[in-house]
Amino acid sequence: MRIYLVVLDETREAEVALRFAARRAAKTGGSVQIVALVAPSEFVQWGGVQATMEEEARQRAEALVAGAAGTLLQESGVRPSISVRQGDAV
């Protein structure tokens with residue numbers, strides 16, 4: 001079974017890649033793995049502020065991935081695996 005990995009962000013290209021992966025997975029009996037990256041925040045002098053910024057970024061990424069997964073399920077019937085990770089997009 002093939003697994004199609006899609007790194008999701010807020011770009012149009014990521015949306016197109018997700019649709020393509022969903023179609024391929026539906027045709028081949030594969031699955032889709034959606035990954036969203038949360039960039040590590042730069043050092044902020046006040047730790048509470050930094051923690052809040054990181055949590056807000058994580059919540060935005062989780063909302064983006066959850067919305068994409070719901071759309072994918074409705075449009076193609078493919079239930080994706082999702083994950084949100086912290087790291088630099090290279």
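In the predicted model, Arg 19 pairs with Glu 15 in a salt bridge, with 3.3 Å between the closest N and O atoms. The two residues lie four positions apart in helix H1, so about one helical turn separates them. Arg 19 is partly exposed, at a relative accessible area of 33%.

Glu 15 also forms a salt bridge with Arg 12. Here the closest N and O atoms are 3.0 Å apart. Arg 12 and Glu 15 both belong to helix H1, which spans residues 12-28. Their spacing is three residues, so they too are separated by about one helical turn. Glu 15 is partly exposed, with a relative accessible area of 34%. Arg 12, in turn, counts as exposed, because its relative accessibility of 51% lies over the 50% cut-off.

A further salt bridge joins Glu 62 and Arg 58, with the closest N and O atoms 3.3 Å apart. Both residues sit in helix H2, residues 47-76. They are four residues apart, so the separation is about one helical turn. Glu 62 is partly exposed at 36% relative accessible area. Arg 58 is likewise partly exposed, at 31%. Elsewhere, shared partners link salt bridges into one network of Arg 12, Glu 15, Arg 19 and Glu 75. The salt bridge count comes to four.

The surface also carries a nonpolar patch of about 270 Å². Leu 5, Val 7 and Leu 37 make up this patch. Leu 37 is located in strand E2, residues 31-38. Its relative accessible area is 35%, so Leu 37 is partly exposed and passes the 30% cut-off for patch residues.

Methods: Residues numbered from 1 in each chain as written. Predicted model: local features only at pLDDT ≥ 70, side-chain atom pairs only at ≥ 80, totals over all residues. Heavy atoms only, no water. Patch = residues over 30% accessible without salt bridge, like charges linked within 9 Å, V, L, I, M, F, W, Y side chains within 5 Å. Areas by Shrake-Rupley, 256 points an atom, 1.4 Å probe, with all protein chains shown as cover. Salt bridge = Lys/Arg side-chain N within 4 Å of Asp/Glu carboxyl O. Buried < 20%, exposed > 50% of the residue type's maximum accessible area, 1.4 Å probe, protein only.
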